[in-house]
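Hi everyone, thanks for making time.

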Amino acid sequence: IKMSDHESNTLQISEEKMVNTSTLSEPGDGLFADVFHRAAKRDERHISQEEFLDYFEDEILSSEQLDELFTYIDTDQNGSIDINELCTYFRNGFEPYQGLFASLENTHAAIGTALQFTSQHYNTVSDFGKFKMRFFLQEFIHQLKCLYGPVSIALNRIESMEGVPTETGTPVVETKDDDTNSVSPLSSEIDRLAELVERLENINFTTSDVPTTGPEQDNE
């Protein structure tokens with residue numbers, strides 16, 4: 001049986017999409033799924049042109065350039081972008097940054113593990129053990145702030161070179177969220193972490209919580 005040209009083209013597109021889907025399993029590819037989820041507000045399977053322009057507007061590319069980019073990414077020319085098309089486009093040039101997002105994925109998982117352990121064991125250790133837990137969480141937050149500071153400064157300088165007005169002072173990284181004000185999974189975990197540290201610092205312990213052991217015998 002000989003396939004028609006239309007059937008052949010359809011099969012080729014399907015095969016390309018299957019290959020593109022496999023790339024979502026690569027380290028760091030969680031970025032594309034996260035971005036797609038936040039950009040596709042009305043249809044979780046597709047990003048419309050209006051949604052594309054709204055999400056990817058960056059004060060540097062003109063609206064005409066963004067329209068041109070949308071058309072380029074929309075390889076099947078159906079008027080919308082699916083996650084495979086989005087991933088295929090951003091995959092080119094992603095390698096130098098892939099390690100950053102792969103580490104964030106690992107950090108996200110590690111944060112969940114740390115928060116779960118803290119919630120389960122905080123009240124089972126001595127005051128010195130609790131002190132250690134608070135110390136580790138506080139230091140983690142500090143390290144994260146130290147990491148994003150230089151990146152934010154670099155981004156501000158790039159935007160300044162492009163003629164985009166930037167604010168002076170402490171760098172602030174803005175996030176693009178959907179109408180439900182959702183944030184990325186990592187941001188949510190960091191917020192939870194900060195709230196947990198604050199709660200742990202303000203806990204009033206009863207006399208039964210006073211340890212009977214010294215700093216090196218906290219029974220962790």
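Predicted model: local features only at pLDDT ≥ 70, side-chain atom pairs only at ≥ 80, totals over all residues.

Okay, the layout. The protein chain has eight helices and two strands. Reading from the N terminus, the order goes α-α-β-α-α-β-α-α-α-α. The chain has 220 residues, and 25% of them count as buried. If you take the contacts with a separation of 6 or more, 62% of them link residues 24 or more positions apart.

Now, the core. How many residues are in the largest nonpolar core? There are 14, and the ones with the most contacts inside it are Ile47, Phe52, Phe56, Ile81 and Leu86. Helix H2 (30-39), helix H3 (49-56) and helix H4 (63-73) are the elements that each give two or more residues to this core. H4 puts in the largest share, with four residues.

Leaving aside residues up to four places away in sequence, Ile47 touches Phe36, Ala39, Ala40, Phe52, Phe70, Ser80, Ile81 and Leu86.

On to the helix pairs. You describe two packed helices by the angle between their axes and the distance between the axes. For H2 and helix H5, residues 83-91, the angle is about 130 degrees and the axes are 10 Å apart. An angle like that is why we call H2 and H5 oblique to each other. The crossing of H2 past H5 is right-handed. Sorted by class, that's eight nonpolar residues, no polar ones and one charged.

The other pair is H3 and H4. Their axes cross at roughly 125 degrees and come within 10 Å, so H3 and H4 also count as oblique. Which hand does the crossing of H3 and H4 have, left or right? Right-handed. Here Gln49, Phe52, Leu53 and Phe56 of H3 meet Ser63, Leu66, Asp67, Leu69, Phe70 and Ile73 of H4. That contact divides into seven nonpolar, two polar and one charged residues.

That's my tour, happy to take questions.

Notes:
Residues numbered from 1 in each chain as written. Heavy atoms only, no water. Core = buried A, V, L, I, M, F, W, Y, C linked by side-chain atoms within 4.5 Å. Buried < 20%, exposed > 50% of the residue type's maximum accessible area, 1.4 Å probe, protein only. Contact = heavy atoms within 4.5 Å. Axes fitted to C-alpha atoms, helices over the stretch in contact; angles between N-to-C directions. Parallel < 35°, antiparallel > 145°, perpendicular 65-115°, else oblique. Left-handed = near helix turned anticlockwise from the far one by under 90°. Nonpolar A, V, L, I, M, F, W, Y, C, P; charged D, E, K, R; others polar.
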